[in-house]
Amino acid sequence: MNIRDMIQASGKPKNGQVNANWYRALTLAERIASPLHAQATNPETAISDSARQRLARWKEQRPFNEDDYFRQRLEMAGLTEADLLYLLNEPVEALKARVGIIPDWLHTLLTVFNEPSPPDASLLKIIDGEQHILSRSFLAALQPLLVYSYQRLQVGVDQLAESYPTLLFEREQVTASLFKLLPEKLLSKSTKTFILELNAARVHGLLQGETPEERFQSFLQRLRNQEHILAFLEEYAVLARLLVEICESWVNVQLELLQHLCLDWESLKALFAPDRDPGALVEVQTGRGDAHRGGRSVAVLRWSSGLRVVYKPRSLATDRHFAALLDWLNAKGFEPEFRTLKMLERETYGWVELVESLTCHAVEEVERFYQREGGYLAILYALHAGDFHAENLIACGEHPFLVDLEVLFLPRLKALPRPPESEEQDLLFDGPPHTVLNVGMLPNRIWSDGKNAGVDISAVGGRPGQLAPTPVPVVQGAGTDEMRVEHQHISLSLGQNLPTLQGGEVDIASYSEHFVTGFAAVYRLLMMHREEFLTDQIARFAEIEVRCLPRNTQLYDLLLEHSYHPNMLREALERDRLFDRLWFNIDNIPQLKPLLNLEIADLWAGDIPFFYTHASSRDLINGHGIHVPECFASSGLQLVQEFVAQLNEEDLERQSWIARASFVNLDLPSGRKLYPSLKYESTTTPFSRERVLDAALAAGNRLLELRLENGEFLDWLSITSRGPGRWGLYPSDLDLYNGVTGIVFFLAYLGALTREEKYTSVARHALRLLHRQMKYRRESGRPFTVGGYNGDSSYIYLLSHLGTLWSDPTLFLEAEEYIGPLVQSVARDEMFDVMAGAAGALAALLSLYQVHPSEATLDAAIKCGERLLEKKVQQEVGIGWIASVETVALAGMAHGTAGIALNLLRLAGVSGGQRFHEAALQAFAYERHLFSPDANNWPDLRSGSKPGDENETYKMSAWCHGAAGIALARLGCLRFVDDAAIRQEIEIGLQTTISKGLGNSHSLCHGDLGNMDILLSAAQVLERSEFLECIEQATPKLLDTIDRQGWVSGGPMGLETPGLMLGLSGAGYALLRLAFMYHVPSVLQLEPPISAQ
């Protein structure tokens, strides 16, 4: 008789025979299902300090420590705070008596461990094989449970094999291959607890042996003792329950899979092996991907002939309709054609052809791979798809295959009613519009910040070898009594998504244009055949299941991992409290509130919570069929239908740019030329102000094309640096350098000078959002960043100009609201320069002071100057400033003493402070000491520069580093200091700019338009026509490069980007300044508006 038979035959023990401690494994939901004792509401019931402390810890969790969220949580459970306190205080004997029955899991557990069956040889072979891995030695303690599960599985396999003789089973092999996943599942839940008890036994001297290894074996021997293992499981009653329930559901799921296989065998043979004998089933690999709906997951089955088939425990209706859509696109002329997979569809599950990762044999195959992948992106974008990460795509030679189509037709959550003050709250309701980034296929770095590069798990860019951002538990000291769990970052197992060429890696970025070509081809086919696409293709998806992801599944993973900590496994209410962490963002997303109990129930079952809807429905449904009615504002089908009706060439161009720009997120191979140069060619075309203005307007139009707009939301995506050598495509920052402030600055001037309302309208719209974002940052207490270009001071600078351009003094008043936070931050500034430090804040304040003088503004400017004097560092000659990110004082306009000295002189001129003037002169002395007559340039001393490489040190002649920026700074100084030394430095700087400063990019920061803008300043200040002649000679050639090469930014690969100092806005602004040279101030000097100069 096997254990299952014994359990069924034995009957349940009487309630009085079972220790009450086991009832600590009952969940909160189970405890409140039985009527509470009358003492629950008795105010005289004695409450222990422990219960009160546990209640306090529960209430301290976010957001229960705010507003009335804790009351809402209790209300959802039908409890009062007094009820919960009673449950936390309730003695286990009272709980046992109140429940009155022995749970099934407990009956099974006690029978399995009190009356264990001996394992047969095949099971011992599996268990012994697992125990050779020392970290799995604890399996010996769980042998009774493993025997029980194995015997249940073995009986089920035998019965199926006998009932379906046409399906040949290698019974022992199949049972073993199915079973080998179970020990790992049990260990992953119990190892931490075993290790805790191991260390406790060592500390208390309960282990025998002279060595750590001997004492470990002593501990295992203790666990093999029936008394000790039952005491262990009783102590950790929650763990005991979970282990039994895992085994029960796991066996049921495996047998369900085999049952489906038996029922479908003849159809499977006809589809997947029509002309050959598949042989006997020899292996079933389960556990592919996350487990949902009672532990079900994808499996791969293998027969002795080599045939392999994928089992999916969900409907394949979506896959079938998607394959039909691919065939339709092929028929409409898409090339290279998509390939579809064989599949056998059943109502709740299905079978699919296995896709293997294969290499390409020629470059042309790789090109076709990326054209198809781009075509997939267009389909998924149109169908409002998401979650297409690396594990959902397999590169099979030149064919990419999507292997998980659960997340199509994503609906939109129903918005909450807007509060009365909605005019100020629109930011909370209008999110960004749908873009190709939402699909999840394009390269994208997540969990990245200034310190960490993050990881790319996208289908296009996800590479193997990346370290997971979240450390995972790893056993150290296995096989000894010093065994412990440490958390380590491990490599992500990605790579099947990437094509290879003759087995070697390919440079993904080299194929970006093939990708975009495929995207555009499918997009245009969808537009061309729009009506047929809507009526014949999209309509057939109406009843498909659409998986919904209300939260990032990583949060569920994290909660589950923490829920297997020993502290969560003694008392179920502690685990319930942990799962209540799901409330953490209910204050921000209250629509999640109806899902909480459903999520917690899935987590208790060990599942990743699963939700879905139907494409034509607005209801949300969980994996057990429970509906949350009208959860969505509209169905996914309706959204897609409305969206497809609006597909157009302008959107195609915008999405193509996003797709192309996203490739900057890749880890680009070392040695690749990241910064292309401009290719000047001789021309007979003369300089034309009209052509210059047309180019400025083209830049403005391009910015309008690239904007992302949805109701009150308006933003741009920008290519942005997130640390040395790390670039990415992100929502624009708020600053002047590469953010929205710089874009608004250019569009406002373009609209004012050309009197084209469309530019002014967009600038005003973007300013409204920028105003709300800055206000939120100020009111939330976020520290003010002081830089004039990449700090919050740039907003003050912007408002000083817009208030003048638009004759709106309220903008000056708004700027003054930021003076207080700015002054506080300046006192802590360690950057100092115009880019990110106090000198930039000083320039912004002086610009505001020129157009709207006030004592507060001047006082703040003086405080900036005082901070600079406080932090100056004496050098061998003169003074400099050493920023916190550097080891020496730098030269130059953007990051060095030239920019700082210029603004100290400006401050001296306004305030009369001679000490600021003297400091500027000492800064000049330091830079003169650094000058190299041989190179006719000043050095780039940044810590990232190559030490000892003279060519690199003196290579740059741009606004940010080198001769061009120093010449510009000295030009600004002439109003305050005009002597032969400064004149000579200007002359040298300008000549070096002319000889070395062209051919780089179109950017202001370190490109040709920035250097031409500096020459324009020289022509204006020095009143020398040769500099204008130089500009007029170079400009037609530069405009030709825009016609031939497009806009070449100052970022990697020259990719177009909207920002001021690297991209379109700056290029357009420099051209606008050239067309209206006496009406547009120099942003490279942070000049105030022309009318105030």
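Residues are numbered from 1 along each chain as its sequence is written, and side-chain values use heavy atoms, with hydrogens and water left out. In this predicted model, local features need pLDDT of at least 70 and side-chain atom pairs count only at pLDDT 80 or more, while totals for chains, interfaces and linings use all residues.

**Stop 1: helices 26 and 27**

Select residues 740-754, which form helix 26, and residues 757-779, which form helix 27. Helices (H or I, at least four residues) and strands (E, at least two) are DSSP runs, numbered from the N terminus. The two helices pack at an angle of about 150 degrees, and their axes are 8 Å apart. Axes are lines fitted to C-alpha atoms, for helices over the stretch in contact, and angles run from 0 to 180 degrees between N-to-C directions. Helix 26 is therefore roughly antiparallel to helix 27; angles under 35 degrees count as roughly parallel, over 145 as roughly antiparallel, 65 to 115 as roughly perpendicular and the rest as oblique. Their crossing is left-handed, meaning that the near helix is turned anticlockwise from the far one by less than a right angle (clockwise would be right-handed).

Now show side chains. On helix 26, the residues that meet helix 27 include V740, V744, L747 and L750; among their partners on helix 27 are Y759, V762, A766 and L770. Contact means heavy atoms within 4.5 Å. By class, the residues of this contact divide into 12 nonpolar, 4 polar and no charged. Ala, Val, Leu, Ile, Met, Phe, Trp, Tyr, Cys and Pro count as nonpolar, Asp, Glu, Lys and Arg as charged, and the others, Gly among them, as polar.

**Stop 2**

Select helix 30 (residues 819-826) and helix 31 (residues 838-851), which pack at about 155 degrees with their axes 11 Å apart. They are therefore roughly antiparallel to each other, and helix 30 passes helix 31 in a left-handed crossing. I819, L822 and V826 of helix 30 make the contact with A838, A841, L845 and L848 of helix 31. This contact has 7 nonpolar residues, no polar and no charged ones.

Next, select A860 in helix 32 (residues 855-870). A860 is buried, at 2% relative accessible area; buried means under 20%, exposed over 50% and partly exposed in between (1.4 Å probe, protein chains only). Not counting residues up to four places away in sequence, A860 touches I819, V823 and L845.

**Stop 3: aromatic rings**

Rings of Phe, Tyr and Trp (its six-membered ring) pair if their centres lie within 6.5 Å; planes under 30 degrees apart count as stacked, over 60 as edge-to-face and the rest as tilted. The count by this rule is 35 aromatic pairs. Select Y311 and Y349: their ring centres are 5.9 Å apart and their planes at 40 degrees, so the pair is tilted. Y311 lies in strand 3 (residues 308-312) and Y349 in the loop between strand 4 (343-345) and strand 5 (350-353), so the pair ties together parts 38 residues apart in sequence. Y311 is buried at 3% relative accessibility, and Y349 is buried at 7%.

Move to F931 and W938, whose ring centres are 4.8 Å apart with planes at 55 degrees, so this pair is tilted. For a cluster linked by ring pairs, select F138, F194, F216, F219, F232 and Y236.

**Stop 4: A963**

Finish at A963 in helix 36 (residues 963-973). A963 is buried, with a relative accessible area of 0%. Leaving aside neighbours within four places in sequence, the contacts of A963 include N936, N937, W938 and M956. W938 is itself buried, at 2%.
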